[in-house]
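Reader: I am new to this structure. Please take me closely through one part of it, and then show me how that part sits against the rest.

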Amino acid sequence: MNIKNGRKNLDKSFAKMKHIVVLTGAGMSAESGVKTFRDHDGLWEGHDVMKVASPKGFANNPELVLDFYNQRRRQLKTVEPNQAHKDLAALEVDYKVTIVTQNVDDLHERAGSSDVVHLHGELLKIRSTGNYNDIQVWTEDINLGDTCKKGYQLRPHIVWFGEDVPMIETAVKICYAADILIIIGTSMQVYPAASLINYVQPDTTIFYIDPKPAISNAGKVNVIAKSATEGMKELISILKTS
Ligand code: APR
């Protein structure tokens, strides 16, 4: 086999593939056993958001904030990707797929998705409070007194309320290039993530899977009012026939 030509052919067929962009939120991981934020019994019901997920909260009580994310990190080790994560990964056989997720878990990656952009950071990474770019993989608890090499306290690599979303520009560019946008399991309440729907081309087909959709079935949004796993089943059959 001529490897050079093989590569060329691969590139050619990849170029012809439609580009699916998927915007996911907490509902994507709900069936894996990860709590959403704003549903009844969601994470924010038992917590004061500004105390555990803001720079001010961290300055006032770093131990409380570290403990909140330590619990999330520990729980992440006990859950698995659900069928919807796996179905999205499997779409890569026929499509170029980019996942833009608001989730800080690694369930898309574990399901096999190869192109995942984390808008709100990642639970399994930490960064130095003294240098935004000093980011490391970190799978255990972060304790008060854990520092980077320069002596600054470590913090979760999470975008808190009131902080910039550095990946938003990348995400906007990705949305511009989408042939199909699939939104799954988000209440579309948190900006700038929720605004990404406005950055697709006028002819981009949009699907929105959520049991309690925040957007009605109007205009060009095709709402599938189902859970992520049930909705993905339905969407796959729609994609097969379109
Ligand atoms: N399948 C799909 N969607 C579901 C499921 C399910 N099984 N269960 C619940 N949902 C939906 C809810 O109907 C809701 O619309 O998931 C959505 C969860 O919304 P939120 O809790 O607001 O989560 P999200 O939209 O991801 O929040 C955005 O807010 O606090 C911040 O940084 C945090 O990234 C998060 C951001």
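Author: Start with a strand pair. Strand β4, residues 121-128, pairs with β5 in the antiparallel sense, over 4 bridges. Strands here are DSSP runs of E with at least two residues, helices are runs of H or I with at least four, and both are numbered from the N terminus. Two strands count as paired if DSSP finds at least two bridges between them.

A word on the source. This is a predicted model, in which local features need pLDDT of at least 70 and side-chain atom pairs count only at pLDDT 80 or more, while totals for chains, interfaces and linings use all residues. Residues are numbered from 1 along each chain as its sequence is written, and side-chain values use heavy atoms, with hydrogens and water left out.

Now widen the view. The pair belongs to an open sheet of 3 strands, ordered β5-β4-β6, with antiparallel pairing. β5 (131-137) and β6 (154-158) are its edge strands, and each pairs on one side only. From one strand to the next, the twist averages 45°. Angles run from 0 to 180 degrees between N-to-C directions, with axes fitted to C-alpha atoms, for helices over the stretch in contact. Helix α5, residues 62-76, lies across β4 and β6 and runs at about 135° to β4. Contact means heavy atoms within 4.5 Å.

Next come the domains. Their bounds come from an automatic or database domain assignment. Domain 1 is 18-34 + 81-120 + 165-242, and domain 2 is 36-78 + 123-158. Their centres, taken over C-alpha atoms, are 25 Å apart. Domain 1 brings 16 residues to the contact, and domain 2 brings 11 residues.

How much area is buried between domain 1 and domain 2? About 960 Å², with 58% from carbon and sulfur atoms. Buried area is the accessible area (1.4 Å probe) that two parts lose on being put together, summed over both. On the domain 1 side, Ala26, Val34 and Val104 supply 36% of the area buried against domain 2, more than any other three residues. Helices α2 (27-30) and α7 (107-111) each supply at least two residues of the side of domain 1 that touches domain 2. The count of salt bridges between the two domains is 0. A salt bridge needs a side-chain nitrogen of Lys or Arg within 4 Å of a carboxyl oxygen of Asp or Glu.
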